[in-house]
Every structure is written in structure tokens, then in C-alpha cells.
Amino acid sequence: KDLSKISETVYKCFVHKARKKVVEDNVQMWKAAAYTLGQMGENGGTYLMKAFELKKFRDEPELRGLYLEQIGYTHAYKKFANELIDLLDHSEYLFIAKAADALAQFGEAPGKIRKEAIERMSKLLAQNYENTINDKSDEEAQRKYRMTGRAMQNSLEALAGVSLDGPLDWTEWWNKNKNVADNWSDE
């Protein structure tokens with residue numbers, strides 16, 4: 001109950017009428033609030049997602065990315081895993097990378113959540129990689145892979161508990177391990 005009230009109070013710094021403009025002092029305060037909310041479990045995550053969706057931050061992708069990343073530190077697996085997984089296919093590459101960074105904090109999540117995240121991420125990582133190989137002149141595909149590939153691989157390593165070399169290895173690992181019950185048990 002207290003944590004809920006504290007989270008709500010911290011969130012008010014994002015929407016307070018005196019904090020409408022995106023200026024350096026406000027940005028510093030919003031960053032501090034994001035780190036604080038990231039330590040407040042599900043309550044903090046709820047307000048981080050609300051801040052991510054605020055219109056005033058529409059032109060502030062770095063700040064919004066921080067809000068996404070901090071959701072991972074809440075360890076509110078059940079509440080935010082699906083939203084973060086959906087963001088792995090966002091049009092803003094920074095948000096893809098930050099959603100992957102957030103999911104990397106879910107290494108202790110229940111097996112079902114980890115499995116769903118690994119399945120989606122390994123497929124998207126492989127697809128992004130194949131797009132760079134199939135058309136080396138496609139600068140947008142190259143940029144997307146450069147901006148998201150490392151974050152996705154780090155997240156896959158955290159979620160699966162194994163270290164692999166690249167997208168093709170992750171696809172192979174997924175195909176071999178998706179039906180191995182021990183990988184997805186919650187023990």
C-alpha cells in the first residue's frame with residue numbers, strides 16, 4: 001500500500017503542471033524518477049509505462065527508452081513481459097533495443113514467460129540479420145540490426161542462460177530446445 005502511494009507520488013513529477021517543458025533540469029529529475037520507479041516493483045512499472053506513453057515525451061526517444069529499460073528492473077514479469085515482447089517489433093529501433101534490455105532483467109522469470117520472449121526475440125533477430133545479408137545495400141536494415149542486434153543477443157543470453165555467437169546460432173538453439181521441458185521449468 002505504501003509502495004503504491006510512493007510510486008504514484010514519484011510519477012507526479014512527470015505530469016506536474018510546472019514540469020511541462022523538456023528542459024535539462026526537468027530531464028534530470030525525470031531520469032531520477034525513472035530509476036526510482038524501476039526499484040518499486042509492479043507499481044513502479046505501471047507508472048514507467050504511463051510515462052513512456054505520455055505525449056509530452058513523443059519527441060524524446062532517449063528518455064522514453066530509459067523508461068522502458070527501467071521496467072525490466074521492476075521484475076514484474078507477469079505484468080510487463082507481453083508489452084515488452086510486443087515492443088520488439090516497434091518502428092523505433094531504440095525502443096526495440098531498450099525493450100530487449102528490459103527483458104534481459106527477466107532471467108529469473110517463470111519458464112513460460114522466458115520461452116515466449118526467447119521465441120519471439122530469436123525469430124526477430126534472425127529476420128533482422130537475414131535482411132542485412134539479403135540486401136547489403138539496404139541501409140535501413142543495416143541500421144536496424146546495428147541498433148538492436150547486440151541488445152537482443154544479450155537479452156537472449158540472460159533469458160536462456162547460455163552464450164552463443166549470433167542470430168543463426170540462436171535460431172538453431174531455439175529449434176533444439178523449444179520442446180525441452182527442463183529449459184522452461186520454474187524450479
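Ser137 is exposed in this predicted model, with a relative accessibility of 60% (exposed means over 50% relative accessible area, buried under 20% and partly exposed in between, with a 1.4 Å probe and protein chains only). The residue is placed in the loop between α7 and α8, where helices (H or I, at least four residues) and strands (E, at least two) are DSSP runs numbered from the N terminus. The side chain of Ser137 is joined to that of Asp135 by a polar contact of 2.6 Å; a polar contact is a pair of N or O atoms within 3.5 Å, of which, within protein, one must be able to donate a hydrogen and the other to accept it, and residues adjacent in sequence count only if both atoms are side-chain atoms. Between the C-alpha atoms of Ser137 and Gly111, which are 26 residues apart along the chain, the separation is 39 Å.

Residues are numbered from 1 along each chain as its sequence is written, and side-chain values use heavy atoms, with hydrogens and water left out. Because the model is predicted, local features need pLDDT of at least 70 and side-chain atom pairs count only at pLDDT 80 or more, whereas totals for chains, interfaces and linings use all residues.

Side chains of opposite charge can pair when their charged atoms come close. With a salt bridge taken as a side-chain nitrogen of Lys or Arg within 4 Å of a carboxyl oxygen of Asp or Glu, the count comes to seven salt bridges. One of these joins Arg120 to Asp89, with an N to O distance of 3.8 Å. Arg120 lies in helix α7 (residues 111–134) and Asp89 in the loop between α5 (77–87) and α6 (93–104), so the pair ties together parts that are 31 residues apart in sequence. Both partners are partly exposed, Arg120 at 29% relative accessibility and Asp89 at 44%. A network of salt bridges links Asp86, Asp89 and Arg120.

Further salt bridges lie within single helices. In α7, Glu119 and Lys123 are four residues apart, about one turn of the helix, and the closest N and O atoms of their salt bridge are 3.2 Å apart. Glu119 is partly exposed at 31%, as is Lys123 at 48%. In helix α8 (residues 139–160), Glu140 and Arg143 are three residues apart and thus separated by about one helical turn; their side chains meet in a salt bridge of 3.3 Å, N to O.

Arg64, in helix α4 (residues 61–73), is buried yet has no salt bridge, and the nearest side chain of opposite charge, that of Glu92, is 6.9 Å away (Lys and Arg count as positive and Asp and Glu as negative; His and the chain ends are not counted). Residues up to four places away in sequence aside, Arg64 touches Phe52, Phe57, Arg58 and Phe95, contact meaning heavy atoms within 4.5 Å.

The largest nonpolar core has 55 residues, and those with the most contacts inside it are Phe14, Tyr67 and Leu84. The largest share of this core, eight residues, comes from α6. Such a core is a set of buried Ala, Val, Leu, Ile, Met, Phe, Trp, Tyr and Cys residues joined through side-chain atoms within 4.5 Å. Beyond its neighbours within four places in sequence, Leu84 is in contact with Leu68, Ile71, Ala99, Ala102, Leu103 and Phe106.
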